[in-house]
Amino acid sequence: MMKTQGMTSFSARRLGAVAVVAFAVAVSTLPSAFAAGEVLGKACKVEGVSTGTSSTSLVCKAGSNGKLTWQKVRLSSSLGAPIKEIAPPAGTIEFWHYRPEDKAHFEKIITAYEAKYPGTKITQVIKTTTDYNATARVQILANPKAALFAAARGSIFNDFVKSGLAADLTNERFVKRNLVSKGLTAGVDKGRVLAVPYHYLFNNPVYNTELWAKEKWDIPKNLTGWVAWCKDAKAKGYVPLAWPGATRGQAAQISNSALMNSAADYEALSENLADLNSGKIDLTSTWFKGVADIYVKLRNAGCFPDNPTGVTEAAAYNLFATGKSPILPTGTFSMGSIKTLNPALTGKMQLMSMVLTDGKVVAEGIMNNTFNLSVNAKSNPKDQRIAKSFLSYLATGPVAAIYATATTQHVNVLDVDYSSNVDLLNTSAFQAKNTMLAPRFLILNTSVSDLTQDALIQIVGGKSPDDVLPDFSKQIKQKLAG
């Protein structure tokens, strides 16, 4: 069993409700050795450290006596072991998603599924993220053959839910037994599981370990440290952060780090974002001005590329893959694309915390559960059964391992063996950190979310917050009024 590091508890707001998500521990008294050397019931030192993602994983946890010991953890919402997929009826459905880079990997999985179940066909319909977010919901509403579809966590998923497109999966046995229950939060609305978040990723900067060792840099510990590091890296001829300012969704990843320590705790941050979402406060609030000021300080320190708002996702990836930039400030989901551009970086990428405060540290990193897979509630019953079957197939350990290792994506599925992908193994240790569920997705109104990010992008581009924040606040007010 692979050793991954602690999946700690966190508070999560989902569609207006704060939910505390934690491990459920199944008591067991029989000593048992694990591949990483942990022994059930024996003392351990770091609370939250976990031995893996199987249903029999151990976690270092304090007992009633306050002592830390290795205890068996129930990562699913059921005590039962993971189950095999649901057998489908014959028929054909479409699987809509926004990851063109995954086409070949899903095709491999689909081919095996169709061979196992002759007469059942799955056709991928793939768009770029931008096109998907802009058009897919309306198109799927008019196309019941799109029986399985993906949606990004937050405002996009919320729009699909409000359209009545997501079928209730709460009582499906594979949902209860095959998935990491902590990772389901992003697919839950009003207590119902309306989507299975397939990715368990980290929206933290990826760095080139060879460049870091060559320059003998220490990872910055606070905002002052980041400002100093950017100045040093730029003086040495690097583009410090390969930031894709022309691609809103990827440019926005850094906002998670800017937001995570901007309030006293996650609940207070959730309240601020909910108030921004509803129009109770706007971008000129004292709190958000503080977030904007982080961008100003990073901009003035030379952290971003020249002409930052013109850098596309592809250009940013190229900056990092060619060694011109030591940091790609996006997340683990980018590592697969980077290895395609430069296979020599395999095993030479790692994650870092991006603490952008000189004050209280609430969290040191970001986790996210996304690529929400939903069954179309407007599809006919047979097509829904096929969609549930294929989704349950994706939620089996061996199949999820094929996807995870091919894409360099941690997944939200139990009993997945990551050992054949060194980059997944290297970055699994980040689970031991005090990570926060990515806060930017708590802005559920798509227009508010987009305009908020556009305002921050404009500031990186050189405009003054004194001009940008009132202007975009006015735009947000108009959108909310409309």
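The lining of the largest cavity divides into seven nonpolar residues, three polar residues and no charged ones. In this classification Ala, Val, Leu, Ile, Met, Phe, Trp, Tyr, Cys and Pro are nonpolar, Asp, Glu, Lys and Arg are charged, and the others, including Gly, are polar. The model is predicted, and local features need pLDDT of at least 70, side-chain atom pairs count only at pLDDT 80 or more, and totals for chains, interfaces and linings use all residues. Residues are numbered from 1 along each chain as its sequence is written, and side-chain values use heavy atoms, with hydrogens and water left out.

The residues around the largest cavity are S255, L259, L273, L276, W287, F288, I443, T452, Q453 and L456. At least two lining residues come from each of α8 (253-260), α9 (266-278), α10 (286-300) and α16. With three residues, α16 gives the most to this lining. Helices (H or I, at least four residues) and strands (E, at least two) are DSSP runs numbered from the N terminus. The space in the largest cavity is about 40 Å³, and the count of cavities of 30 Å³ or more is three. On a 1 Å grid over the protein atoms alone, a cavity is a set of points where a 1.4 Å probe fits but cannot get out; a pocket is an open set with protein on both sides within 12 Å along at least five of seven lines; lining residues have an atom within 4 Å of a point. Grid points are joined across faces, edges and corners, and a volume is the space filled by probe spheres set on the points.

The largest pocket holds about 1000 Å³ of space. It is lined by 38 residues, of which Y98, T129, N133, G249 and Q250 are the closest to its centre. Two or more lining residues come from each of α2 (129-141), α3 (155-162), β11 (196-201), α7, α11 (313-321), β15 (365-375) and α16 (446-460). By class, this lining has 13 nonpolar, 18 polar and seven charged residues.

Helix α3 is largely enclosed by the rest of the structure, because seven of its eight residues are buried. Buried means under 20% relative accessible area, exposed over 50%, and partly exposed in between, with a 1.4 Å probe and protein chains only. The buried residues of α3 are S155, I156, F157, N158, D159, F160 and V161. After α3 comes G164, which has a positive phi near 75°.

Three strands make an open, antiparallel sheet in the order β13-β12-β14. Its edge strands, β13 (327-328) and β14 (349-351), each pair on one side only. Strands pair if DSSP finds at least two bridges between them. Strand β12 (residues 206-208) is joined to β13 by two bridges, and V206 has L328 as its bridge partner in β13.

Aromatic side chains form 22 pairs in the whole structure. Rings of Phe, Tyr and Trp (its six-membered ring) pair if their centres lie within 6.5 Å; planes under 30 degrees apart count as stacked, over 60 as edge-to-face and the rest as tilted. The pair of Y207 and W212 is tilted, because the ring centres are 5.2 Å apart and the planes are at 50°. Both Y207 and W212 are buried. W217 and Y238 form an edge-to-face pair, 5.5 Å centre to centre with 70° between the planes. W217 lies in the loop between α5 (209-215) and α6 (223-235) and Y238 in the loop between α6 and α7 (248-251), so this pair ties together parts that are 21 residues apart in sequence. W217 is buried at 9% relative accessible area, and Y238 counts as buried at 10% relative accessibility.
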